[in-house]
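Reader: Please take a close look at one residue and its surroundings, and then at the aromatic pairs.

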Amino acid sequence: GCFVFKPSPKKRKMVSLETAAEFRDSSSDSEDTNLRFHTCQSLWHQIKSETEKIQEDLNKQLFDNLLSFLRRSHSEFQEKTTKWTCQMKSKEIPTAALILGVNVTDHNMTFRNLSEVLQNNITPYIALLEAKDCPGVKNLMQKLLGQLMNCSVDLDFLEDENSLQVSQNRIRCSMTSLVHWYESVTKKTDSETPSKTRTSPSKHWQSPPVVVIFKDMESFTTKVLQDFIVISSQHIHELPLVLIFGIATSPMIIHNLLPHSISSLLCIELFQSLSCKEHLATIIDKLLLTTQFPFKLGEKVLQVLINIFLYHDFSVQNFIKGYQLCIVEHFYSQPLSVLCCQLADAKMRVNSLSQDQCENIRMLPSFRRYVEGQVSKKQIALLTEDSYLKETVQKLLEDLHVYQENYVLVLRCLHVFTSSLPKHPLGKQLRELHCTCLEGRVWETEEYESALQLARMLNKTDLVTMLQQCVEIFVSSSGKEFDKTVEKLKEFLTQFQKLEEAFQDPDVSMSPQKELQKKTDLYHLQETLLELKESRRCKKLTKFEMLRFEVVDYIDSLVRKHLVPAEQQTLHEIVYFNTASVLREHLNAAPRIAVHTALNNPHCYLKNQALKSDGGSLSNKAPDICIAYRLHLECGRLINLADWLEAFSTVVMAAERPNADAASSEQEEDIIHARFIRAVSELELLGFIKPSKQKTDHVARLTWGGC
Amino acid sequence: QQTLCGLLKKTPLDYAAEIEELNQQHETLFSKWMLQLHLGFNIVLYGLGSKRDLLEKFCTSVLQDSVYLVVNGYFPSITVRSILNSITEEVLDHTGTFHSPPEQLEFIIKRFKEDSSLELYVLIHNLDSQMLRGERSQQILAQLSSLPSIYLIASIDHINAPLMWDQAKLSLYNWLWYETTTFSPYVEETSYENSFLVQKSGSLALSSLMHVLCSLTLNARGIFRLLAQYQLEKKDNLSYPGLSFQDFYQQCREAFLVNSDLTLRAQLTEFRDHKLIRTKRGADGVEYLVIPVDDSTLINFLENEDED
């Protein structure tokens, strides 16, 4: 069933056709596809390297812990071997259990980084084992040995002949050969195994440990794992093994998989990796909320991506994949995305825009809105003169850039304020805030209202720390825009300090309470409480409160000024990608729904007048398979074929009766029978029914619901 | 089956114009697919209707100048091994044999990593067919598709097809989903489907063989295996009449598969009902047992059994 097609050899040269070419024939009009494609690629590569760096940074803590654990356990091991008394106990294998979370897809990267780190810092002998390679102990040993030997070969830079022999060695793989190999490598005693006469770098350390990483502990068969542990614990004197388990669920799994007698051979220490939510938060922070990358996600798209993450897979890898798809789709479909690059580049490219592209700019809805806001003279100039248009576009792009910068800063400030409020009206995470801001005007939402009200009741210390944080945020940015704001905020701070000094006299608020404590009898207490209430109601605001209002109002004004949603910016189409449907279709498809609508409602796909039907009923002119499907929906779990055929032929006859008379009914019946068979076997292929053995001539339905 | 086809040919296809329109709509996506394949995604097509013609069109219109492999997943005796074989033998021009599919896969991966100029488009019709839907075959295909220079386009039809992929496989496959509802009839695909409405003649297919055997007891499977092995040993002997019942009984007893003449006869009757074996009376009046399946299918079957 497999057929290979090869092009004729002379054509082969052509095979390496540029991907950019595919970019071209897609977008019909514009000529700068090459440029666009390269912008897209470079952007994607930047982002990719950035994400990898982020991942590395995040895992650093975990890896440091692991490294210290390995060092510790290994040095212990060496001590132990010297002391005979400890030899009794030294059957224990040091083991690190990494709890990695359910996002299996991200683990590969983690393990790759881990083995790199280990290789650089501790030992050249690392083997990565995956469950799918090791159905039995034999395969496991084979794999392990192969990897270890290749490891050392790689590090030693040996000649080919040696590596050849190594691969031959794979045939007789046992623990003893492994031990022999290890001895020969570490101590250079080349007596038994002739192929390993070599100077290895491992003389620097005294017998480096051999690290074996089990990538997915859960999917290993217990028997293999147990046998391996028992075997290796026998050899732990000669071969300092360290095991690392990658665990996706919880540490309980170790005890479920391994009986007590086995797990007592392990000396387990747990390590927790970073939760994927935090990982996502940093990714969003570093990728989306910077001005470093010109490409931005619209609100809906971001929402879809986050939803897929939170509700389906918890996988950062998939999030980034979705992001990549967004980038590709954006640069593919939007001809103006050529301007989606750093500001300086964009300005250059604006100058060299063609006439078609200028027309494209004029067609943008946001630009139209902008034109309508101008005076008529300018309007004419914008719509007719290309040079003037280019100038304006440059200015607008600059505005857009400034807007983005300010947006991020103010967003962070607002987050500082709202995240500490009780009940988190605007969300705990920065991404939630970002989404609400993109969605519409923040200050018109109810949540924002309540957040501000809560902010007005903040106490002083919190307020001061928050202000300080805000100042830090503003100072860290280089933009000149916020010099004034920083000054203003600093002024607030100094005022607060002054207030603090002024507040030393406590009589304003403290005195009534002191009185309260003095008075003990009930009547007086009631009276004073009432009094207190009165006074509070009409009390003049203290200086502090005045100031507090002022600060909150100021923040409010900042928000109003800078957090205008992106869609109201002119030319936002160039950098914002907002077609969520594309993403949803291609990443999170629903094949069952597609099949269902096609069967129930063929009119969606086949635009024919005859297929149009009202409500739930299906017209009898629908394709055969749709009719058969509809009829089968009306049955229970078991369907009688004869009845089904009867119903089918009735429906089809009714459809055909108008144009054919009953004379040739014999042959017609045969044809209908054949069509029915075809429809039924198609339904079987699609998985709606299966032949049933319970009754003769019946089929079983495999889906639920129906009429 | 023949008459069925003949009858169906007579009926004109309804709504041919509309279907044509749909197909044209899908064909506009070809260049986009190529782009996305090159960027490391793989494409999976779903929707009602056969997607065979569409993929064929994709081959002829876009892929003429490159190496591509077409896999007919609906073909009932296809295995992963045959896919891997055709890659190693015809694409990589390698003649050696391999012990197991994983080893073969390793070899392929190594070759593709070494030689960056190698590019291969793999088109799989019906990735979710009976023979390819197993966990192990999917794992191997997923690993294959994760290679950056192998581009995979597959089509699925079964409504529960996505169930066969877990997170790890999905991330290896790196799918982009495309809905391509074509409404065209599944002619090729259902021609292999052993529909109960049509009594099919001809030799047994591997998939149906596996299917029947899966529902048997362990001992019954052992009995069949014994017979199959014996037949394969004797396959070069042209005058081999089959295994006589007495010898077979002896062998089964030695393997602790049956304990009496009667149980073996009952078992053989069951096989005969499913057309798994045939009995012949020899010249000397002894019953001879033969499996009426061609040898290659039998070899495939034994291999599959070994893997499980």
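Author: In this predicted model, Thr703(A) touches Arg592(A), His632(A), Phe688(A) and Ile159(B), leaving aside residues up to four places away in sequence. Thr703(A) belongs to the segment after β11 (698-701) of chain A. Its relative accessibility is 11%, so Thr703(A) counts as buried, the cut-off being under 20%.

Next, the aromatic rings. Searching the whole structure gives 22 aromatic pairs over all chains. One of them joins Phe214(A) and Phe228(A): the ring centres are 5.7 Å apart and the planes stand at 70°, so this pair is edge-to-face. Phe214(A) is in strand β4 (residues 210-214) of chain A, while Phe228(A) is in helix α7 (residues 222-234) of chain A, so the pair ties together parts 14 residues apart in sequence. Both Phe214(A) and Phe228(A) are buried.

Trp644(A) and Phe676(A) also form an edge-to-face aromatic pair, with 5.5 Å from centre to centre and 85° between the planes. This pair links distant parts of the chain, 32 residues apart: Trp644(A) sits in helix α28 (residues 641-656) of chain A and Phe676(A) in helix α29 (residues 665-686) of chain A. Trp644(A) has a relative accessibility of 3% and therefore counts as buried. Phe676(A) is buried too, its relative accessible area being 2%.

In chain B, ring pairs link Tyr46(B), Trp165(B), Tyr173(B), Trp175(B) and Trp177(B) into a cluster.

Technical notes
Residues are numbered from 1 along each chain as its sequence is written. Chains are lettered from A and ligands numbered from 1 in the order in which they are written. This is a predicted model: local features need pLDDT of at least 70, side-chain atom pairs count only at pLDDT 80 or more; totals for chains, interfaces and linings use all residues. Side-chain values use heavy atoms; hydrogens and water are left out. Helices (H or I, at least four residues) and strands (E, at least two) are DSSP runs, numbered from the N terminus. Buried means under 20% relative accessible area, exposed over 50%, partly exposed in between (1.4 Å probe, protein chains only). Contact means heavy atoms within 4.5 Å. Rings of Phe, Tyr and Trp (its six-membered ring) pair if their centres lie within 6.5 Å; planes under 30 degrees apart count as stacked, over 60 as edge-to-face and the rest as tilted.
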